[in-house]
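Dear colleague,

Please find the structure below, followed by some notes on what turned up when I went through it.

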Amino acid sequence: MERRSFLKGFGAVSVCAALVPSIVSAADEAKKVSGPNEMSVESALAAITGGKPVTLSSKVSLSAPEIAENGAVVPVKVSVESPMSAKDYVKAIHIFATKNNNVRCANVYLTPANGEASFGTRIKLGATQDVLAVAEMSNGTFLSAKQNVKVTIGGCG
Amino acid sequence: MKTLIKIKPKDYKVGDIVKVDFMAMHPMESGMRKDKDTGQVIPAHYINEVNFFFNDKVLTKMVTWESLSVNPVLSISMKVSGSGTLKVLAKDNKGDNVESSVAITPKG
Amino acid sequence: MDVSRRDFFHIAAALGIGLPTLGTAASTPKRLDQVALQDIYGFKAKGNVTLLHICDMHAHIKPLYWREPSTLISAPNLTGTPGFLCGESFLKHYAMKGKTLDAYFDTFMNFDTLAHKFGKMGGIAHMKTLINHVKKERGADNVLLLDSGDTWQGTGVALKTQGEAIVKAQNYLGVDVMVGHWEFTYGKQRVKELIEMLKGKFISQNIVGDDSFADDYEELIFEPYTIMERGGAKIGIIGQSFPFTSTANPKEFTQGWSFGLRLDTLQTYVDKLRKEEKVDCVVLLSHDGFSVDQEVARQVKGIDFILSGHTHDPSPRPTVINGTVIIIAGSHGKYVGRLDIDIQNHKVKGYEYKLIPVAANLIPADPEGVDLVNSLYAPHEKEFGEILGVTKNILYKRDTFHSPFDELINDSIMDAMDSDISFTPGYRWGTTVLGGEQITMDDVYGMTAITYPNVYTFEMGGLQIRNVLEDIADNVFNANPLYQQGGDMSRLGGVTYDIKIGAPSGKRITNIMVKGKPLDDRKVYKVSSWGGNLQNAGANLNDQLTRPVYDVAANYIRRQKKVDISGNSNVHILDYDCGCPRKGSKSC
């Protein structure tokens with residue numbers, strides 16, 4: 001398949017100081033149409049943690065742009081402080097787009113062979129929202145980080 | 001499904017931690033977009049599983065969803081333990097799957 | 001234009017020149033001229049290196065009038081802080097006196113009167129004289145000229161030559177290093193060509209390839225930094241182009257490039273310059289905007305100086321945050337910032353700064369620059385020089401919500417397209433025409449010269465219009481500078497509204513009236529807009545009506561002949577009772 005054809009329909013709109021209509025319409029659609037994998041952040045978290053607490057931690061670092069250049073392509077990077085040894089490592093990194101119809105973006109199951117607990121990808125955000133990263137540690141605890149990403153079109157100078 | 005694996009940096013030795021980028025050309029349809037001409041909902045079509053192996057041993061497994069951007073990029077780290085093959089198996093929700101691999105050749 | 005003897009007294013008084021000098025010089029006007037000039041040049045030289053800083057020239061190679069805003073309001077936590085100061089609050093903050101040359105340059109107050117007294121601002125021929133003066137005083141080898149960008153775009157001569165005229169002007173001025181924003185609206189290919197022509201360097205640490213299958217994926221597009229030796233010191237200069245270029249301007253110009261603040265890599269380069277390159281001084285040449293750069297100084301450690309741009313603020317004094325000194329040099333060529341740095345034992349020991357007003361009537365023009373400007377304008381003189389009409393009142397651009405020149409442009413669009421609503425972008429660049437003066441085609445280009453000039457006319461629902469306004473408001477009034485984009489509110493023709501700036505996102509705007517009637521969320525309106533692509537959000541685009549905004553505006557002014565714009569704002573601010581509020585106050 002041709003890559004260009006994929007990019008069609010994601011032509012983000014830029015008004016000097018206005019909205020991203022493609023994003024707004026996507027959000028409108030999301031309200032009307034249930035996605036096949038619709039899931040809230042509460043349900044998605046519960047499925048992973050089994051109800052265990054998730055703690056915001058400086059050990060998890062989440063890097064995402066403050067303002068998305070394009071709501072359809074938002075780079076997200078996560079890294080977690082860990083020795084990544086056989087006894088003490090990060091079992092998984094989960095990324096959630098908290099206001100998308102299906103909040104789940106990726107569940108990444110790591111091994112000590114990764115050497116470092118890091119994961120990067122690019123996600124779609126239907127509107128301004130928090131991106132949440134949850135790290136599942138080998139000792140059974142859950143640590144997290146979040147960042148608000150603004151999906152807009154913006155002003156200019 | 002066209003794919004690409006990049007190892008960064010290009011030169012590395014045993015014990016180094018390298019970045020592994022896996023790219024795929026895929027529409028990652030959410031199942032919520034409507035075709036502009038027909039008004040019909042475009043069915044969901046997205047990569048839902050990506051597994052990384054080094055010398056056939058699991059390095060990282062991923063479950064992925066339609067919220068990933070079109071032509072997804074997935075990056076992880078890998079500690080170079082020796083020479084061998086890094087293999088990536090990717091599969092989408094329509095059953096299409098692809099295997100790609102790259103040689104790991106540490107220097108020194 | 002020569003300055004009359006009477007004006008010299010005003011200028012001398014304004015500059016605080018003592019009477020004895022005036023007394024002895026009164027009989028010899030030329031002597032007075034030199035005294036006034038000396039005061040502009042006057043500087044307590046310090047150390048071994050001088051950085052001269054310019055930003056946001058917007059292609060104004062000729063002197064112009066530029067009136068600063070009379071309304072400049074941000075989120076309540078930022079209002080009245082550097083970056084959001086105007087009028088009386090500006091003078092108070094910087095302990096300045098009114099009606100002086102500096103007050104004329106820095107504020108809107110008494111602008112019409114003072115403009116007749118002090119004359120035009122900027123122009124490369126005058127800037128060059130000033131730069132030469134500093135180079136002579138300091139030794140050319142000890143001086144760097146750094147340009148924070150928004151240089152290639154903003155006038156007819158820039159547009160007609162696709163930026164080339166301005167690169168020639170930069171080469172003439174001797175720009176050593178630059179970064180960009182509007183530069184990118186000439187498109188990637190042209191940007192590369194212009195950089196080839198530029199004698200100085202174009203650097204940016206925050207632009208990388210984002211086409212995942214391309215070779216340059218996540219690779220730097222430009223050199224992230226450059227190291228220059230001046231005055232025996234190694235100066236590391238990191239480039240930061242406008243982080244939101246691809247949202248503020250059409251994406252197609254920079255397809256395949258990703259921008260962003262990229263503070264993590266910025267920190268990496270700062271550390272690398274210090275530890276590996278062993279520089280003596282780290283400078284960030286930035287187009288982030290003044291308030292964003294104050295936040296950058298809070299988050300990134302180890303930058304000595306940030307030379308900021310984008311938001312067009314004149315800042316007579318540096319702002320110091322966590323040991324990082326931030327300066328910004330206004331806009332449109334009105335100023336050259338002079339930063340003397342004392343570098344000893346590989347460390348910055350001290351500095352001295354002055355924002356020097358380029359008063360075109362006081363700083364003599366360099367003849368070579370006059371020739372250059374004339375030669376660049378010559379092919380377009382007939383078109384640019386056309387007198388379209390006369391304006392009764394002053395026309396200017398800058399203001400948070402409304403400006404008379406934008407009102408005129410909206411009037412011309414609504415007249416031509418018969419639309420209910422017209423959107424004109426809240427750019428911070430433009431020009432000023434004094435009351436009673438002629439409006440030329442060059443002035444119209446000065447307000448509209450962009451590479452995507454079309455006015456589009458289409459349909460939008462009332463609710464959509466409301467959402468658009470809220471979205472714009474959140475970009476302008478977000479309490480976190482990192483979520484702002486540095487523009488002013490879009491200017492609306494045919495619409496009045498109330499705004500509560502301190503209200504939560506999405507709840508700021510009320511009482512929207514379209515042609516005197518309340519906005520109906522379910523009604524479809526005929527909307528015209530330019531300078532973005534709001535048209536893609538609308539429906540039933542009327543191609544027949546699509547035309548460049550400069551043609552639309554010029555035709556309207558030609559027909560009107562005499563332009564009479566009230567200047568009354570169409571926006572009612574609910575939570576502030578004046579345009580230039582003081583810090584922590586709702587009032588001025």
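Which residues in H16(C) meet residues in H19(C)? C:Leu408, C:Ile409, C:Asp411, C:Ser412, C:Ile413, C:Asp415, C:Ala416 and C:Met417 in H16(C) meet C:Val549, C:Val552, C:Ala553, C:Tyr556, C:Ile557 and C:Arg559 in H19(C), where contact means heavy atoms within 4.5 Å. These residues divide into 10 nonpolar, one polar and three charged (Ala, Val, Leu, Ile, Met, Phe, Trp, Tyr, Cys and Pro count as nonpolar, Asp, Glu, Lys and Arg as charged, and the others, Gly among them, as polar).

Please keep in mind that this is a predicted model, in which local features need pLDDT of at least 70 and side-chain atom pairs count only at pLDDT 80 or more, while totals for chains, interfaces and linings use all residues. Residues are numbered from 1 along each chain as its sequence is written, chains are lettered from A and ligands numbered from 1 in the order in which they are written, and side-chain values use heavy atoms, leaving out hydrogens and water.

The axes of H16 (residues 404-417) and H19 (residues 549-560) of chain C come within 9 Å and cross at roughly 90° (axes are lines fitted to C-alpha atoms, for helices over the stretch in contact, with angles from 0 to 180 degrees between N-to-C directions; helices are DSSP runs of H or I with at least four residues, and strands are runs of E with at least two, numbered from the N terminus). The two helices, H16(C) and H19(C), are therefore roughly perpendicular, a term for angles of 65 to 115 degrees.

Chain C also has an open sheet of six strands in the order E4-E3-E2-E1-E13-E14, with mixed pairing (two strands pair if DSSP finds at least two bridges between them). Its edge strands are E4 (201-202) and E14 (347-357) of chain C, each of which pairs on one side only. E13 (residues 335-344) of chain C pairs with E14(C) in the antiparallel sense over 10 bridges, and C:Leu339 stands opposite C:Tyr353 in E14(C).

Best wishes

Conventions: Angles under 35 degrees count as roughly parallel, over 145 as roughly antiparallel, 65 to 115 as roughly perpendicular and the rest as oblique.
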